[in-house]
Amino acid sequence: MSKHTRKSSLIEDRGQQTPQELIDKSHSVIKNPDTEISIEMAIDSIRYHLKYSLGLDTDSVKPKHVFQAVALSVREGMIDRLLATEKRYQVARAKRIHYLSMEFLVGRSLINNLYNLNLHHVYEKAIDQLGFKLEDIENEEPDAALGNGGLGRLAACFLDSMASLSIPGFGYGINYEFGLFKQKLDNGYQQEMPDNWQREKTPWQIERCDEMILVPVYGSIQHESDRQGEYNPMWLDWQLIIGVPNDMPIVGYTGNSVNYLRLFSARSSSEFNMKIFNQGDYFKAVNQKITTETVSKILYPSDSFERGRELRLIQEYFLVACSLRDILRQHEKHGFAIEDFPKQNAIQLNDTHPALAVVELMRILVDEYEIVWDIAWKMTVETFGYTNHTLLPEALEKWSIPLLEKVIPRHLQLIYEINKRFVANLSKKWPQQREKIKKMELVEDGEPKHVRMANLAIMGSHSVNGVAKLHSELIKKNLIPDFYALWPEKFNNKTNGITQRRWLLNCNPGLANLITETIGDDWIHDLSFLKKLETIGVDSSFQQQFNAVKKANKTKLCTLVENESHLIIDPDSLFDVQIKRIHEYKRQLLNILNVIHQYFMIVEDGKNLPWPKTYIFAGKAAPGYDIAKLIIKLINSVADVVNNEPLIRDQLKVVFIPDYRVTLAENIIPATELSEQISTAGKEASGTGNMKFILNGAVTIGTLDGANIEIRDEVGEENIYIFGHTSEQIQQMLGKQRNISLEIYNTNRNIKRVMDAIKSDLFCTKEPGLFKPIFEKLVSQIDQYFHLADLDSYINIQEKASDDYKNREQWTNKSILNVARSGYFSSDRTIMEYAKEIWDVKPVK
């Protein structure tokens with residue numbers, strides 16, 4: 001049968017069946033989760049949805065329609081399991097975990113769901129018999145644009161682990177219509193385009209219109225007294241935003257437990273003002289609706305102007321108000337008393353964005369349940385945990401008092417009250433340390449005054465954790481030492497992790513299959529089983545198979561690069577990769593400085609590289625972060641020069657792949673051989689990209705920063721390339737307030753040559769002087785990220801890595817040992833630590 005014939009019979013083959021027979025067959029796929037699903041059952045279910053869910057006849061079916069039908073078919077099984085999981089939790093009267101985050105970077109869902117349900121092979125065959133390929137269908141799904149970087153990807157990994165471990169854990173976020181932005185390159189410059197990922201409604205979300213939340217904003221406070229003469233403020237004249245929940249089922253591995261990610265869309269409390277409409281001002285009539293729904297339009301609106309800051313604050317309050325109301329509603333629905341709220345619920349704040357949840361819970365307990373302050377505060381602290389994700393003081397959120405008073409006036413009153421009581425208690429404990437107390441207060445002096453959101457999260461939580469051992473120590477010693485001195489029992493470390501289901505089983509099936517054939521599949525639910533590869537990895541036959549998988553992944557990436565960037569790269573070259581958000585502290589600049597050095601080594605010094613090398617970059621810069629956007633332009637300009645230099649031949653290639661996202665990472669990471677984790681020591685909280693790379697057999701080149709230290713401890717010093725100053729040395733250099741970079745520039749010939757090239761017009765012949773701001777930042781000013789201070793060490797370690805790569809057997813052994821010793825970095829381990837040590841919750845099997 002020809003493909004065309006098979007495709008045209010997509011719906012008609014079983015046309016004699018009644019709609020009810022099709023429904024019955026469709027539902028037989030998933031009604032009993034223990035039923036073995038056949039390929040024929042999957043085909044019937046897909047056909048049913050093509051005809052009755054999408055209303056399509058034979059001639060109009062395209063790959064995007066097949067994706068929708070397959071997703072709806074798979075979703076049926078997920079919903080059955082979701083409902084069964086919920087019943088199990090209710091019967092167990094289980095404590096629930098609520099993970100509040102502004103970001104959930106879930107990526108695509110189809111393949112991940114198929115693997116976790118153990119249905120990948122079934123649906124692959126079913127789709128093939130319908131005349132399509134699963135790979136083509138998969139590519140019809142857009143990445144869910146619900147996050148930006150590591151913060152959101154960590155949250156997504158945690159949801160996968162909670163479901164796989166049968167922990168009653170649920171995510172709460174915002175259902176962004178456009179997400180961050182699509183990145184395009186125009187003459188090497190980043191251009192931001194709308195990322196309308198929900199243009200065609202996602203099949204994974206279940207809208208819950210009957211569970212809408214009313215969120216008040218703006219208004220004023222009327223100062224009243226109750227019947228007992230107690231102060232009883234009234235929040236009046238507010239405007240309402242409606243939060244509509246949309247549930248995205250999260251399937252755990254084997255499908256035994258399905259939790260959900262609840263995402264709120266903003267809706268106006270009325271479609272439009274009918275009175276104004278009838279007066280003829282049609283645009284003004286719908287203006288409030290348009291303004292209100294902006295709340296869930298995009299992730300992180302620019303805060304460089306007042307309206308942007310106001311929108312971002314409303315977004316954060318919208319998230320916590322919807323989440324708290326929903327959590328409390330479910331708590332009462334399950335028959336629990338309000339006094340038992342902390343016993344039945346744990347709320348984890350993923351960074352400072354949801355910190356207003358502390359005040360919102362206090363508002364509800366005090367204003368609505370009329371619980372006395374001290375008891376309400378005790379309940380609040382017992383409920384919340386706070387995860388810190390940054391060591392950069394400037395990244396700790398603060399909101400101005402005038403803005404808070406405008407948007408959420410009642411909450412500002414409560415913030416003042418929390419602060420007053422905190423200061424009073426602390427003044428008794430430390431009566432002679434007014435300056436120390438001043439640094440710890442919620443309200444920061446200035447014009448205007450601001451509220452420190454990190455301080456609010458710390459005060460209102462019983463647990464404060466960092467996300468890597470070094471990070472957690474630096475929080476206590478450098479970032480907030482006074483809070484650690486006050487409440488040492490609150491502070492703990494939970495080193496980040498990644499889910500092996502997404503980042504090996506899903507994205508690298510060749511390696512996953514090789515590992516399973518060699519040691520079995522226990523590693524999928526317990527990553528420590530990869531240790532078995534340590535002894536097997538030295539076997540020459542296994543090494544050959546391992547290298548064949550890597551070569552296939554590299555070849556696949558070469559095709560992607562050619563399609564995206566119109567550059568042909570050599571799959572036999574060493575793939576050196578840095579893919580992450582563009583930021584000065586992540587030091588993409590350091591990487592490109594070394595590339596320029598190698599360019600001069602070949603072109604001016606007449607030397608050859610130890611092995612041909614391809615440098616691969618990807619990442620987005622925040623729209624208002626000018627220097628980060630200039631770094632992207634520099635990388636692309638250097639690439640233009642290097643890739644077109646005849647003397648280079650094929651020794652060196654540079655490529656920047658646009659629009660970094662989860663799906664792109666899933667293609668790049670399995671092909672990577674050298675993973676760049678080169679942030680300034682003491683600046684990166686943890687990183688999770690570093691973990692994904694070692695799980696897929698890349699060797700790390702990095703500083704002693706974030707989780708790199710723990711990776712070194714796990715894989716062994718001989719299987720990682722460490723360079724640069726330590727965080728202690730960085731702190732010492734900062735304390736000297738000397739321009740160390742200028743001294744290095746004046747004394748190191750190679751570094752001077754690189755920096756002079758940036759100052760000159762070598763990489764910007766058509767735009768003279770374009771990169772001088774980078775020269776000024778790195779040489780003329782005190783560089784707090786110490787690019788030049790670490791550059792010589794970085795150049796040397798790069799040469800060593802390339803030299804080592806020539807010994808293919810030795811390199812392969814390093815690569816295999818990185819995989820074998822990556823077990824500690826599973827998010828399953830991280831979540832079990834949270835569950836035991838912070839949340840006090842157990843799996844409900």
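1. Surface. In this predicted model, the protein chain exposes about 33,700 Å². Carbon and sulfur atoms supply 49% of that area. As for the interior, 60% of the 845 residues are buried.

2. Charges. The protein chain has 101 positive and 112 negative charges. The mean position of the positive charges and that of the negative charges lie 1 Å apart.

3. Overall dimensions. The protein chain contains 37 helices and 23 strands. Its radius of gyration is 28 Å, close to the 28 Å that the globule rule gives for 845 residues, so the chain is as compact as a globular protein of that length. Along the principal axes, the C-alpha atoms fill a box of roughly 90 × 85 × 65 Å.

4. Contacts along the sequence. Taking the contacts in the protein chain with a separation of 6 or more, 76% are between residues 24 or more positions apart.

5. Leu82. This residue belongs to helix H4, which covers residues 63-92. Leu82 has a relative accessible area of 7%, under the 20% limit, and is therefore buried. Which residues does Leu82 contact, leaving aside its neighbours within four places in sequence? They are Arg208, Val258, Asn259 and Tyr260. The C-alpha atom of Leu82 is also 8.3 Å from that of Val251, a residue 169 positions away along the chain.

6. Disulfides. A disulfide is a covalent bond between the sulfur atoms of two cysteines. How many disulfides does a search of the whole structure find? The count is zero. Two cysteines are taken up in the next two points.

7. Cys157. The closest cysteine sulfur to that of Cys157 is in Cys507, at 11 Å. A disulfide needs the two sulfur atoms within 2.5 Å, so this pair is too far apart for a bond. Cys157 is buried, with a relative accessible area of 1%.

8. Cys209. Here the closest cysteine sulfur is that of Cys322, and the separation of 13 Å is again too far for a bond.

9. Cis peptide. The peptide bond that joins Glu447 and Pro448 is cis, with omega about 0°. Pro448 sits in the loop between strand S14 (443-444) and strand S15 (450-452).

10. Ser166. Phi of Ser166 is near 60°, a positive value in a residue other than glycine. Where is Ser166 placed? It lies in the loop between helix H8 (150-164) and strand S2 (169-174). Although Ser166 is in a loop, its relative accessibility of 4% makes it count as buried.

11. Asp351. A positive phi also occurs at Asp351, with a value of about 75°, although Asp351 is not a glycine. Asp351 is in the loop between strand S11 (345-350) and helix H14 (356-368). With 11% relative accessibility, Asp351 counts as buried.

Key:
Residues numbered from 1 in each chain as written. Predicted model: local features only at pLDDT ≥ 70, side-chain atom pairs only at ≥ 80, totals over all residues. Heavy atoms only, no water. Helix = DSSP H or I, 4+ residues; strand = E, 2+ residues; numbered from the N terminus. Rg over C-alpha atoms; globule rule 2.2 N^0.38 Å. Buried < 20%, exposed > 50% of the residue type's maximum accessible area, 1.4 Å probe, protein only. Contact = heavy atoms within 4.5 Å. Areas by Shrake-Rupley, 256 points an atom, 1.4 Å probe, with all protein chains shown as cover. Lys, Arg positive; Asp, Glu negative; His and termini not counted. Charge placed at Lys NZ, Arg CZ, Asp CG, Glu CD.
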